[in-house]
Amino acid sequence: MPLSPEVAAAYENAQYVVFAERDIVLTIGRRSPELDALLDFHQAGTAAYVTAANPRGARRAEAENAAALSTLQDLVAAAGYPRYMGEGRDPRGEWPPEASLLVIGIWRENAVALGRLFEQNAIVFAERGRAPELIALY
């Protein structure tokens, strides 16, 4: 089922914060020189911002989200990708922040598969020199 216009707008307007040496805020459709610098540091051309929280947009208990995040972290670490913790934020404060990962160097297809594995409605994908884009998964 495609995202409703309201849900798509919420994702497009969210702030995707990356906890790096200096926090980086990713915005859909707006190029980030800070992200480009981070990609350059890792000699990578791509990154994906993925969460395991609240599958299919259904709120889950904090403990369930924490367990899912731990599994996501383990999978990404086992694959050898550099990664940074982050937090997806609703600028209106209507949805609680979601702990997330920025996965450096992951291919688009692998990022989509990772998002689907954790039953996410969407992920954020970025390529060096381009604005982050929202990829709806269902």
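1. Helices (H or I, at least four residues) and strands (E, at least two) are DSSP runs, numbered from the N terminus. The model is predicted: local features need pLDDT of at least 70, side-chain atom pairs count only at pLDDT 80 or more, and totals for chains, interfaces and linings use all residues. Residues are numbered from 1 along each chain as its sequence is written, and side-chain values use heavy atoms, with hydrogens and water left out.

2. Volume here is the space filled by probe spheres set on the points, which are joined across faces, edges and corners.

3. Lining residues have an atom within 4 Å of a point. For the largest pocket there are 35 of them, with Val-7, Ala-10, Tyr-11, Trp-95 and Glu-98 nearest its centre. Two or more residues each come from helix H1 (5-13) and strands E3 (46-51), E4 (83-89), E5 (98-104) and E6 (122-127). H1 gives the most, six residues.

4. The lining of the largest pocket comprises 20 nonpolar, eight polar and seven charged residues. Nonpolar means Ala, Val, Leu, Ile, Met, Phe, Trp, Tyr, Cys and Pro, charged means Asp, Glu, Lys and Arg, and the others, Gly among them, are polar.

5. The second largest pocket has a volume of about 210 Å³. Its lining has 13 residues, and Ala-53, Glu-62, Asn-65, Pro-97 and Ala-99 lie nearest the centre. Helix H3 (62-79) and E5 each supply at least two, with H3 giving the most at four.

Methods. 1 Å grid on protein atoms, 1.4 Å probe; cavity = no way out; pocket = protein on both sides within 12 Å on 5 of 7 lines; lining within 4 Å.
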